[in-house]
Amino acid sequence: MLHRYRLTCATVSLLFFLILTSATSYGQQNEIGFGAGLLNYTGDLSRNLHAGNFGPAGTIFYRRNINEAISIRAGITGGILNGDDTPSFDAFAQRRNRSFTRSMVEFSPVLEYHFLNYRKNINILRWTPYFFLGGGVTFFGQTGNTDAQYSNLQVVLPFGLGFKYVLDQQWQLGLEAGVRKTFFDYLDDVSGEDLINKNYNYGNRHDKDWYYFLGLSVSYTFYTIPCPYQFN
């Protein structure tokens, strides 16, 4: 487990280093925003994404634009994760018939790469797709049917794709679909087999759980106009 935390700490440290060392001449550096969306989950109870597992979510974030292509974003996302054995993918899952509901709060700095120079001239091009990758930590609330002792604070690796559209010089809209890889198999409180009590309430301990975020956001840009002259 130690190497997971080292990997995440290294990723977060690199992102903050880029923030602190970014050039100050870029005039559209700072943004704040918020958004709303849906969470979903895959794991021992649900091998695929199901519409019945969607739960509500919200996010707030700060974004620093390093240049026209690269941005760093630090955000807090909270919501509800759901999952159950319906529809059952095999006879054991049907016999198990488990479900869970769990709250979560995630903090995740990520790096965004924009494929198009959409800020160069918004009269010509107002949009761009982008890719993001980062690291973070998530606090998972209790489910009420916990079978094992574990830490509720877990490392996650977020990545995904998004789309931005500039409304005007200050405001922009965003659409994002993100994946969170975890190193945690108790998000749904189902993991390895109990060798003593054969009650079917187990899954695959080697198949870690994942969760997903799909959301819309609005952000506001604070403009700073760099002066081309140096004064003594």
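Hi everyone, and thanks for coming. What we have here is a predicted model, where local features need pLDDT of at least 70 and side-chain atom pairs count only at pLDDT 80 or more, while totals for chains, interfaces and linings use all residues. Residues are numbered from 1 along each chain as its sequence is written, and side-chain values use heavy atoms, with hydrogens and water left out.

Let's begin with the overall picture. The protein chain has two helices and nine strands. Helices here are DSSP runs of H or I with at least four residues, strands are runs of E with at least two, and both are numbered from the N terminus. If you read along the sequence, the pattern is α-β-β-β-α-β-β-β-β-β-β.

How much of the chain is buried? Of its 232 residues, 44% count as buried. Buried means under 20% relative accessible area, exposed means over 50%, and partly exposed is in between, using a 1.4 Å probe and protein chains only. The accessible surface of the protein chain comes to about 12500 Å², and 62% of that belongs to carbon and sulfur atoms. Those areas come from the Shrake-Rupley method with a 1.4 Å probe, and for residues only the protein chains shown count as cover.

Now for contacts, meaning heavy atoms within 4.5 Å. Taking contacts between residues at least 6 apart in sequence, 69% join residues at least 24 apart.

On to the strands. Two strands pair if DSSP finds at least two bridges between them. Please find β7, residues 153-166. Which strands does β7 pair with? One of them is β5, residues 127-134, joined to β7 by seven bridges and running antiparallel; here Phe131 stands opposite Leu161. Another is β6, residues 136-140, with four bridges to β7, again antiparallel. In that pairing, Gly136 has Val156 as its bridge partner, and Phe139 has Leu153. Then there is β8, residues 171-182, antiparallel to β7 and joined to it by 11 bridges. Val166 is partnered with Gln172 in β8, and the two strands form a hairpin with four residues between them.

Let's stay with β6 for a moment. Four bridges also join β6 to β4, residues 99-114, and these two run antiparallel. Glu106 has Thr138 in β6 as its bridge partner. Thr138 sits on the covered face of β6 with Gly136 and Phe140, whereas Val137 and Phe139 make up the uncovered face.

Gly83 lies in strand β3, residues 70-84. Why does Gly83 count as buried? Because its relative accessibility is 4%. Not counting residues up to four places away in sequence, Gly83 touches Tyr41, Leu45, Asn53, Ser99 and Phe100. The C-alpha atoms of Gly83 and Gly43 are separated by 8.7 Å, with the two residues 40 apart along the chain.

The other is Phe34, in strand β1, residues 30-42. Leaving aside neighbours within four places in sequence, Phe34 is in contact with Thr59, Ile60 and Phe61, and also with Leu216, Ser217 and Val218. Thr77 is 43 residues from Phe34 along the chain, and their C-alpha atoms are separated by 9.6 Å.
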